[in-house]
Amino acid sequence: MTFHLHYWPTIQGRGEFIRLALEATETNYLDIARLPEEEGGGVENMLQFLTQNLASRPAFAPPILADKSDSEEFVVSQTANILLYLGPKLGLAPNDDRNALWLHQVQLILMDFLVEIHDNHHPIAKELVYEDQLEESKKRAGYFTKTRLPKFLSYLEKIYGNNVSQSAFLLDDSLSYVDLSTFQIMDGLHYAFPKAMAEQIGDYPHLTDLYRTVKNLPELSSYFSSDRRIPFNNFGIFRHYPELDQI
């Protein structure tokens, strides 16, 4: 299998959820915008691909995945949609509809959570810089850390605790793309809201177990220590502004 991932080259963002699935399964892929231009990479080549190849069914925005495995290229966009497609192919999702849709359902909830996390630093408009909506960000973050953060984490804690196999994972004892996505959410929250997470994380032992288990997966250890893993920074979804880390 060979995949081309089209996403912005300087942030983890939504593309990181796809990278984790590919890296955890040691799947061959190219992160197109991060390649040198002479190798067909760079942002301009990525954007050219999007305009030339997706004219009839355009994607709204990256991430976009191109499956190069067959003679006819297959292209899919939207993070949850890409993972729904990749899951069975990479052994990160079951083939039966009931469990596959359950994973997809949780992934969609994680994507809702991601939007709420992002909107702490951009509560009015994405077109405005953070400093132009600072007071509104502080007000929103106060509600987020006290109400929305525990609401989402409590839900995730409950469903992880319902696994009858008593493994760290969501479904039976097998790693799924939702486990990787939940890890990414947790990792981003620890970066963006370290004080709030330190105060609340003790209430979520199942999520803590999942986080540690994924972080220590042998298949991911080289990725986490490599330059393929873009560091968190204040240009992506998860941003650390001390004034927003309220407890």
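The following legends describe close-up views of a predicted model.

**View 1. Packing of helix H4 against helix H6.** Helix H4 spans residues 97-118 and helix H6 spans residues 177-192; the two pack at an angle of about 15°, and their axes lie 9 Å apart. Because angles under 35 degrees count as roughly parallel, H4 is described as roughly parallel to H6. The crossing of these two helices is left-handed. On the H4 side, the contact is made by Ala100, Leu103, His104, Val106, Gln107, Leu110, Phe113, Leu114 and Ile117. On the H6 side, Tyr177, Val178, Ser181, Thr182, Ile185 and Leu189 take part. By residue class, the contact of H4 with H6 comprises 11 nonpolar and four polar residues, with no charged residue.

**View 2. The tilted ring pair of Phe113 and Phe144.** The structure holds 10 aromatic pairs, one of which is formed by Phe113 and Phe144. A pair of aromatic rings is described by the distance of the centres and the angle of the planes. For Phe113 and Phe144 the centres are 6.4 Å apart and the planes stand at 35°, so the pair is classed as tilted. Phe113 belongs to helix H4 and Phe144 to helix H5 (residues 134-161), so the pair ties together parts that are 31 residues apart in sequence. Both Phe113 and Phe144 are buried. Phe113 is also among the H4 residues that make the contact with H6.

**View 3. The stacked ring pair of Tyr130 and Tyr241.** The ring centres of Tyr130 and Tyr241 are 3.8 Å apart and the ring planes are at 10°, so this pair is stacked. Tyr130 is located in the loop between H4 and H5, whereas Tyr241 is located in the segment after helix H9 (218-224); the pair therefore ties together parts that are 111 residues apart in sequence. Both tyrosines, Tyr130 and Tyr241, are buried.

**View 4. A cluster of phenylalanine rings.** Phe113, Phe144, Phe152 and Phe193 are linked into a cluster by ring pairs. The cluster includes Phe113 and Phe144, the two residues of the tilted pair.

View 5. Asp187 is placed in helix H6. Its relative accessible area is 9%, and because buried means under 20%, Asp187 is assigned as buried. Not counting residues up to four places away in sequence, Asp187 touches Tyr211, Lys215, Arg229 and Phe232.

Terms used. Residues numbered from 1 in each chain as written. Predicted model: local features only at pLDDT ≥ 70, side-chain atom pairs only at ≥ 80, totals over all residues. Heavy atoms only, no water. Axes fitted to C-alpha atoms, helices over the stretch in contact; angles between N-to-C directions. Helix = DSSP H or I, 4+ residues; strand = E, 2+ residues; numbered from the N terminus. Parallel < 35°, antiparallel > 145°, perpendicular 65-115°, else oblique. Left-handed = near helix turned anticlockwise from the far one by under 90°. Contact = heavy atoms within 4.5 Å. Nonpolar A, V, L, I, M, F, W, Y, C, P; charged D, E, K, R; others polar. Phe/Tyr/Trp six-rings, centres within 6.5 Å; stacked < 30°, edge-to-face > 60°. Buried < 20%, exposed > 50% of the residue type's maximum accessible area, 1.4 Å probe, protein only.
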